[in-house]
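Please open the model in your viewer and keep the selection tool at hand. Each stop below says what to select and what is there.

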Amino acid sequence: MEKTKDFRLYGAFIVLFLVLLPLGNLFGIVSNNTISLWGRYFCFAIVALGVDLIWGYTGILSMCQAFFFCLGGYSVAMHIVMKGATASGSDGTSIPDFMVWNQVESLPFFWAPFQSFGLAMILGLLIPAVFAFVFGYFIFRSRIKGVYMAIITQALALAMWLLFLRNETMLGGTNGLTDFKSLLGFSLASPNVKLGLYLLSLSGLCGTYFLSKKLVDSKFGKVLQAIRDSESRTSYTAYRILDYKLAIFIVGALLAAFAGMLYAPQTGIITPGRMDVRASVEMVMWVALGGRGKLKGAILGALIVNFLYSICTSLFPDSWLFILGFLFVITVLYFDKGFLGMIEIIGGKFRRKQITEKVAGHQVVES
Amino acid sequence: MLLAVKNLSVSFGGVHALNLSQFNLRDKELRVIIGPNGAGKSTFLDILCGKTKPDSGEVLYDGEPVLGKTEVQIANMGIGRKFQKPSVFPSLTVYDNMLLAYKMKKSIFASLFFRPTEEIDFQIRQVAAKVGLSKELKKIAGELSHGQKQWLEIAIVVLQDPKLMLIDEPAAGMSDEETEKTGELLMQLSKHHGIIVIEHDMKFVEQIAQDLVTVLVRGKLLVEGSFEDVRNDQRVIDSYLGRANVQLENF
């Protein structure tokens, strides 16, 4: 029963996003803009999977996922900007335009590896992973949890945001990195490349969902939930909590960075604005609204909230935050299991009605 | 000797919570510790399982020092703890609760690539039958009654297969019938494990106390003896009735 319901849901998802939208785009019914938007929503859904693993399953409220997202995004952006660089520095190597405006004459050392696509990809995942490892190790070793965890990760997000804002960091400062031309020889402005990136994000989402599902269904996933339920019981049952928390924190950071890498080429710009504290809080909100502790809920939340964001900001530009706040309050008050729980409740009522009608029908026939 | 404790002392904010000069436990012995509220019984178990760090003293388990080790190391040495307030994993099923406790490698990679075996399944079902939870295996642990949660936690401790079980008030909040069943279970377990039980309920203590009963009062060892001796000891009666505080100060 549960399985067939799942398959129906997966089927609907695949038909809508893998068949209808791309075909619509090829026949000109669905605009390139819409495709590009949904491609980005899929990236957000991948981040949401990570947030759900960390927060929903393990109970660690991490408020710095947007930072990891941007680490991934920036590394791809750096590669694209390097490839598109036209100016040349004092030593003859080409340097990105924004550096010229900032009177930088030679390429900073940490930009060099990003000339290679492969290295940029590896660093895009490696840097966040190492960062999560070091940061997580110290937090979890000192047994920081709950509200303190939320505060400390927010502080990290804030500090990094301030760091990236500075021109001296050589990452474009407030303006971020932009003017993306091509990636691996594909022009990023072409509709086909946009569709390709959309499909890549979709398959990325499906792949990460599949892996996350494997993860939470394994005994590892059960230990994560055990940690959420009772840390003391878990450690008296001989599980080293530090290892598990660290592992899932790194997985969450990797998912966020992976999503960021897919996201940057689709938006054409990445700025520190993507990694401020609010961005991280919003990511947690997607999961809370979608249904915490269920992977499907996280995806649903990220897609719906961002879709609503696009609609609402064009219809009522000023009131988006009010709408989001209202949604949040309603969810917390009446649907503590989020959109997914809401769908299940409504579905359950509908089914019960059908059954009672059937029973009533039988009775009529019998009488 | 399974457990040898010497001069163990801990104080919280200047109050001596525990000041235990000596405590010994043989292998496969069931020992009951009784004492009025605030006698330091739970604190004693907290120290043994690594939850609380003592100020001074020595604890040898199987000849090895326990103090200074982490909870996980102590659990791996073979000491299992059941808490006073039932501590299970409420959002997991009863079966998964037991599966997580089952004695096996518990590193992240071992958990990631864990495959259930028939041996594990058999053991879990056997323990479930022992604690009377066979029919509840698929239930979410949070939905169990209080008594069932107590049993589930005992099952969790049993599945870790510890040599020493620290059981804190197993019969709290149970009906008479449930209490008696718990007593029988503990007696059965004591054939294979060393057990320390903390208990308030005298009827229950009478049921399970086969050899020694230890009485703690104000963190100190008051008396150690058979249940009969302890029950008839004037100092124990006084401290339980709470009117001999003056005498105890002198003691």
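Which residue with a positive phi follows α1(B)? Select Gly50(B): this residue comes after α1(B), and its phi is positive, near 90°. Helices (H or I, at least four residues) and strands (E, at least two) are DSSP runs, numbered from the N terminus.

Before going on, note that this is a predicted model, in which local features need pLDDT of at least 70 and side-chain atom pairs count only at pLDDT 80 or more, while totals for chains, interfaces and linings use all residues. Residues are numbered from 1 along each chain as its sequence is written, and chains are lettered from A and ligands numbered from 1 in the order in which they are written.

**Stop 1: helix α1 of chain B**

Select residues 41-48 of chain B. Eight of the eight residues of this helix are buried, so the helix is largely enclosed by the rest of the structure. A residue is buried if 20 or more other C-beta atoms lie within 10 Å of its own, exposed if 12 or fewer, and partly exposed in between, with C-beta atoms placed from the backbone. Among the buried residues of α1(B) are Lys41(B), Phe44(B) and Asp46(B).

**Stop 2: the four-stranded sheet**

Now show the open sheet with the order β2-β1-β4-β5 (chain B), where the pairing is antiparallel. Two strands pair if DSSP finds at least two bridges between them. At the edges are β2 (15-25) and β5 (64-65) of chain B, each with a single partner strand, so one side of each has no neighbour in the sheet.

Nine bridges link β1 (residues 3-12) of chain B with β2(B). Select Val10(B) to find Leu18(B) of β2(B) opposite. Then select Asn7(B), which is found in strand β1 of chain B. Asn7(B) is not a glycine, yet has a positive phi of about 45°. Is Asn7(B) buried or exposed? Asn7(B) is exposed, with 12 other C-beta atoms within 10 Å.

**Stop 3: the six-stranded sheet**

Move to the open sheet ordered β6-β7-β8-β3-β9-β10 (chain B), which has mixed pairing. Its edge strands, β6 (79-82) and β10 (220-225) of chain B, each pair on one side only. From one strand to the next, the twist averages 20°.

Within this sheet, select β3 (residues 30-34) and β9 (residues 213-217) of chain B, which run parallel and are joined by three bridges. Ile33(B) stands opposite Thr214(B) in β9(B).

**Stop 4: where the chains meet**

Show both chains. How many residues does each chain give to the contact? Chain B gives 23 residues and chain A gives 20 residues. Two residues are in contact if their C-beta atoms, placed from the backbone, lie within 7 Å. On the side of chain B that touches chain A, α2 (71-77), α3 (94-101) and α4 (108-112) of chain B each supply at least two residues. The largest share, four residues, comes from α2(B).

**Stop 5: a loop in chain A**

Finally, select Arg143(A), in the loop between α5 (117-141) and α6 (147-165) of chain A. Arg143(A) has a positive phi of about 55° although it is not a glycine. Arg143(A) is exposed, with 12 other C-beta atoms within 10 Å.

How values were computed:
Axes fitted to C-alpha atoms, helices over the stretch in contact; angles between N-to-C directions.
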